[in-house]
Amino acid sequence: QVQLVESGGGLVQPGGSLRLSCAAAGSIISFNYMGWYRQAPGKERELIAAITSGGRTNYADSVKGRFTISRDNAKSTVYLQMNSLKPEDTAVYYCNRVSVHLAPYPFDSWGQGTQVTVSS
């Protein structure tokens, strides 16, 4: 069973920044295209950022220019740098697999996620 562990969330004021991390045991992250998903209260989970093994990235329009996804295959870790945060970014953030087309393609299991709250 794949175990993904997200961390780095918290409470931040509008305009602030956070850096999320996602780690997994073994080579799960190194051998897969990965993405960050988020689920806001009352909404469906959505894919917001994706990265290939080689570092090509793709972003949802809602975060483009503000968020940056990156990966360190040696550490089997994926990151999400979030800048210029807005209240509408408030959600639980998860990492999981994406397809070769950088579309949602998650493993059956999800991590616990990390809560991001943007509020003054």
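This briefing covers the strands, the aromatic contacts and the nonpolar cores of the structure above. The model is predicted, so local features need pLDDT of at least 70 and side-chain atom pairs count only at pLDDT 80 or more, while totals for chains, interfaces and linings use all residues. Residues are numbered from 1 along each chain as its sequence is written, and side-chain values use heavy atoms, with hydrogens and water left out.

**Open sheet**

- Six strands, in the order β2-β10-β9-β4-β5-β6, make up an open sheet with mixed pairing; strands are DSSP runs of E with at least two residues, numbered from the N terminus, and two of them pair if DSSP finds at least two bridges between them.
- The edges are β2 (10-12) and β6 (57-59), each of which pairs on one side only.
- On average, neighbouring strands of this sheet are turned by 25° against each other, direction ignored; the axes are lines fitted to C-alpha atoms, and angles run from 0 to 180 degrees between N-to-C directions.
- β2 runs parallel to β10 (residues 114-118), and three bridges join them.
- Within this pairing, Thr-117 of β10 stands opposite Leu-11.

**Hairpin of β7 and β8**

- β7 pairs with β8 (residues 77-82) in the antiparallel sense, over six bridges.
- Four residues lie between the two strands of the hairpin, and Ser-76 takes a positive phi near 50°.
- Buried means under 20% relative accessible area, exposed over 50%, and partly exposed in between, with a 1.4 Å probe and protein chains only.
- Ile-69 has Leu-80 of β8 as its bridge partner.

**Aromatic cluster**

- There are two aromatic pairs; rings of Phe, Tyr and Trp (its six-membered ring) pair if their centres lie within 6.5 Å, and planes under 30 degrees apart count as stacked, over 60 as edge-to-face and the rest as tilted.
- Tyr-37 and Trp-110 are edge-to-face because their ring centres are 5.1 Å apart and their planes stand at 85°.
- This pair links distant parts of the chain, with Tyr-37 in β4 (residues 34-39) and Trp-110 in the loop between β9 (91-97) and β10, 73 residues apart.
- Tyr-37 has 3% relative accessibility and so counts as buried, while Trp-110, at 29%, counts as partly exposed.
- Tyr-94 and Trp-110 are also edge-to-face, at 5.7 Å centre to centre and 80° between the planes.
- Tyr-94 lies in β9, 16 residues from Trp-110, and is buried with a relative accessible area of 10%.
- Tyr-37, Tyr-94 and Trp-110 form one aromatic cluster.
- The charged end of Arg-45 sits over the ring of Tyr-94, 4.1 Å from its centre, and over that of Trp-110, 3.9 Å from its centre; the criterion is NZ of Lys or CZ of Arg within 6 Å of the ring centre and within 35 degrees of the ring normal.

**Nonpolar cores**

- The largest nonpolar core has 29 residues, and those with the most contacts inside it are Trp-36, Ile-48, Leu-80, Met-82 and Tyr-93; a core is a set of buried Ala, Val, Leu, Ile, Met, Phe, Trp, Tyr and Cys residues joined through side-chain atoms within 4.5 Å.
- At least two residues of this core come from each of β3 (18-24), β4, β5 (46-51), β7, β8, β9 and β10, and β3 gives the most, with four.
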